[in-house]
Amino acid sequence: MDGSEQSQAKTVSNDANAEKPARKPRAKAKAKVNNDAALNVPTVAKSAFNILIVAQAGRLQYEALLFAAALRQNTPNFAGRLIVAEPQPSAHWDHDPRIAPHIRKLLQETYGATIRPFTNTLFGQTYPYGNKIEALATLPAGENFIFFDTDTMILGDLSQAQIDFSHPTASMRREGTWPVEDLYWPGYTAIWKSLYDKFDLPFEQTLDLSEPDEYWERYLYFNAGWFLGSDPVAFSNLFTRYATEINEDPPDELVIQPLNPWLDQVALPLVVTALGGGRPGPALDGFDGALTCHYRTLPLLYARESDTVVAQFEQIVNNPDLRPVFAEYAPFKRMAFQGDGAKVRGLFNREKLPRFENRYRQIIKAEGLWMR
């Protein structure tokens, strides 16, 4: 998960998928034995589901096009709908956030996406991560769904995944970014328990008891790059309530904790718990693996992802019908078409990659190759 500058609580972030700072956790604990109920959930028959992404003018519309092209290529028999939620001009934006017409046409006519507008009432430009919360309302009630950040590539056939949508869950490809350790903080247990207590949710059952007390992985913490459930309306209602109430009236234990840019990831475990979910089980190992890749930025894609991911990315962006569109956006142009991606990849030993995302950024920025 999901950045070197420390954000202050309730400050402004300007990018709906902007990187969230990472920090180095303490030494890794013993091998994990997940005690979450997810491991005991039986696999269920494959069922149709909708996919939701959020796209808007600028970077996200190009990432959305890449997402749609990779989905079509690797899940050709997708039985659900790809729904692209598009924020509309409002007082929550100082510019028109709508998708450019030529990209809209490609998404709809070439890749069959359904573009659904929504008007921000809570978040928007001041906290674009909140768009994923508000965008859930564009999905049909009572239908299985998976939300993905647009900076994700579909690598395999999602229709073959055995997903129990009645057990909401989310991405575990994260680092210990929140809460932020401080000299006067009350500790992980006190902070997380205060949030569960605020909403009358069970806390003890969310703990991974194979991890030591006060180690960040003991506590239920997700990357919000993907999450899923069986009812987007119920999910949205809880997500909205928890995020706004935490932001406006945090427990005393959070008094020195920054909530921007982590508010969505603070609220998400509470939503998952309230809906009877938990950590993903083995059936979802392909997410953040053989089926999906949350690459986050193009420099990070070239720096740390596998040869297979890079090859799939370059094959898609070099499609003659798509290459001129991707070339409009400087990071795609430089990374994919002008050789900067190869330069980034050459900075790293594939056999000894950095453990933490901050180190990737430091190395890439030092060479003047960081862009998003």
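Helices (H or I, at least four residues) and strands (E, at least two) are DSSP runs, numbered from the N terminus, and two strands pair if DSSP finds at least two bridges between them. This is a predicted model, in which local features need pLDDT of at least 70 and side-chain atom pairs count only at pLDDT 80 or more, while totals for chains, interfaces and linings use all residues. Residues are numbered from 1 along each chain as its sequence is written, and side-chain values use heavy atoms, with hydrogens and water left out.

## The sheet

The model has an open sheet of 6 strands, in the order β3-β2-β1-β4-β7-β6, with mixed pairing. From one strand to the next, the twist averages 25°. Angles here run from 0 to 180 degrees between N-to-C directions, and axes are lines fitted to C-alpha atoms, for helices over the stretch in contact.

| Strands | Sense | Bridges |
|---|---|---|
| β1 (residues 50–54) and β4 | parallel | 3 bridges |
| β4 and β7 | antiparallel | 4 bridges |
| β6 and β7 (residues 223–229) | antiparallel | 3 bridges |

Individual residues show how these strands line up. L52 stands opposite F147 in β4. The bridge partner of F147 in β7 is F227, and F227 is also the bridge partner of A170.

Strand β4 (residues 145–148) is covered on both faces: F145 and F147 on one side, and I146 and F148 on the other, are all buried. Buried means under 20% relative accessible area, exposed means over 50%, and partly exposed lies in between (1.4 Å probe, protein chains only).

Helix α6 (residues 263–274) packs on the sheet, where it touches β6 and β7. The direction of α6 makes about 25° with that of β7. Contact means heavy atoms within 4.5 Å.

## Helix against helix

Helix α1 (residues 59–74) and helix α2 (residues 101–110) have axes that come within 10 Å and cross at roughly 15°. The two helices are therefore roughly parallel to each other; angles under 35 degrees count as roughly parallel, over 145 as roughly antiparallel, 65 to 115 as roughly perpendicular and the rest as oblique. The crossing of α1 past α2 is left-handed. A crossing is left-handed if the near helix is turned anticlockwise from the far one by less than a right angle, and right-handed if clockwise.

On the α1 side, the contact is made by Q61, Y62, A64, L65, A68 and R72, and on the α2 side by I103, L106, L107 and T110. Sorted by class, the contact of α1 with α2 has 7 nonpolar, 2 polar and 1 charged residues. Ala, Val, Leu, Ile, Met, Phe, Trp, Tyr, Cys and Pro count as nonpolar, Asp, Glu, Lys and Arg as charged, and the others, Gly among them, as polar.

Helix α4 (residues 188–198) and α6 also meet: their axes come within 11 Å and cross at roughly 55°. That angle makes α4 oblique to α6. Here α4 passes α6 in a right-handed crossing. W192, L195 and Y196 of α4 make the contact with Q265, V266, P269, L270 and T273 of α6. By class, this contact of α4 with α6 has 6 nonpolar, 2 polar and no charged residues.

One of these residues, T273 in helix α6, counts as buried at 8% relative accessibility. Leaving aside residues up to four places away in sequence, T273 touches Y196, P202, T206 and L220.

## Backbone features in the loops

Most residues other than glycine have a negative phi, and most peptide bonds are trans. The residues below depart from this.

The peptide bond from W178 to P179 is cis, with omega near -5°, and P179 lies in the loop between β6 and α4. Another cis peptide bond joins N260 and P261, with omega about 20°. P261 is placed in the loop between α5 (232–248) and α6.

Positive phi values occur at D200, near 55°, and at E214, near 70°. D200 is found in the loop between α4 and β7, and the place of E214 is in the loop between α4 and β7 as well. D200 is exposed, with a relative accessible area of 71%, whereas E214 is partly exposed at 24%.
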